[in-house]
Amino acid sequence: MADSVVLDPVDLHLLRLLQNDARTTYRDLAAQVGVAPSTCLDRVARLRRAGVILNHRLELDPAKLGRGLQALLLVQVRPHRRELVGPFVERIRALPESRTVFHLTGPDDYLVHVAVADMTDLQRLVLDEFTSRREVARVETRLIFQQWECGPLLPPAAQATTSAGAPPPATP
């Protein structure tokens with residue numbers, strides 16, 4: 001892959017640790033990976049410059065914010081033309097209920113993860129913001145009962161080194 005960055009075991013360990021807790025201090029990171037704090041700082045800065053580390057986000061509990069119902073909306077847009085899908089995506093991304101928007105292949109064009117207050121709010125969202133749009137041909141809704149986060153994202157080659165004795169991923 002042309003956009004891949006070469007990562008050594010120290011980089012991979014740093015990425016594992018940061019994905020589990022991005023608030024970890026450079027001093028603590030350095031101690032856990034066995035390098036000097038200045039080296040740790042330089043490596044993390046290099047990973048940022050290379051675009052491996054994109055951002056640091058604060059994750060919130062939607063239920064505690066009054067958005068206890070989450071759903072996935074499968075949306076088909078017709079006709080699927082750039083001049084229609086651009087404004088559609090911009091509008092959907094601007095909705096306070098939208099969490100993530102995926103552009104897909106197959107019979108559905110978009111998958112939209114939303115968080116709403118309740119079923120009435122979900123119905124309002126689907127009817128007022130999706131099916132009322134002229135370019136939306138179809139919407140299917142899937143309620144999310146439960147969600148689990150998965151382990152850290154690492155390059156495929158790192159999977160082999162993890163099972164061959166590299167430092168294990170940190171536990172939350």
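Which residues does glutamate 135 touch, not counting residues up to four places away in sequence? They are Gln76, Val77, Arg78, Leu84 and Phe88, where contact means heavy atoms within 4.5 Å. This is a predicted model, in which local features need pLDDT of at least 70, side-chain atom pairs count only at pLDDT 80 or more, and totals for chains, interfaces and linings use all residues. Residues are numbered from 1 along each chain as its sequence is written, and side-chain values use heavy atoms, with hydrogens and water left out.

Glutamate 135 sits in the loop between H5 and S4. Helices (H or I, at least four residues) and strands (E, at least two) are DSSP runs, numbered from the N terminus. The relative accessible area of glutamate 135 is 5%, so the residue counts as buried. The cut-offs are under 20% relative accessible area for buried and over 50% for exposed, with partly exposed in between (1.4 Å probe, protein chains only).

Now take strand S1, residues 69–77. Of its 9 residues, 8 are buried. S1 runs antiparallel to strand S3 (residues 110–116), joined by 7 bridges. Leucine 74 has leucine 111 as its bridge partner in S3. S1 also runs antiparallel to strand S4 (residues 136–144), here with 8 bridges. Valine 75 stands opposite valine 139 in S4. Strands pair if DSSP finds at least two bridges between them.

Helix H4 covers residues 82–94. Its 13 residues should span 18 Å at 1.5 Å a residue, and its end C-alpha atoms are 18 Å apart, which agrees. The expected span is 1.5 Å times one less than the number of residues. Leu84, Val85, Phe88 and Ile92 are buried in H4. They cover an arc of only 85 degrees around the axis, so they lie on the same side of H4. That arc is taken from the directions from the helix axis to the C-beta atoms. The face turned away from the buried side carries exposed Arg82, Glu90, Arg93 and Ala94. Cover for the buried residues of H4 includes S1, strand S2 (98–103), S3, helix H5 (119–131) and S4.

Leaving aside neighbours within four places in sequence, it contacts Val75, Val77, Tyr110, Phe130, Arg133, Glu135 and Val136.

The largest nonpolar core has 19 residues. Such a core is a set of buried Ala, Val, Leu, Ile, Met, Phe, Trp, Tyr and Cys residues joined through side-chain atoms within 4.5 Å. Leu73, Val75, Phe88, Val112, Leu122 and Phe130 have the most contacts inside it. S1 gives the largest share, 5 residues.
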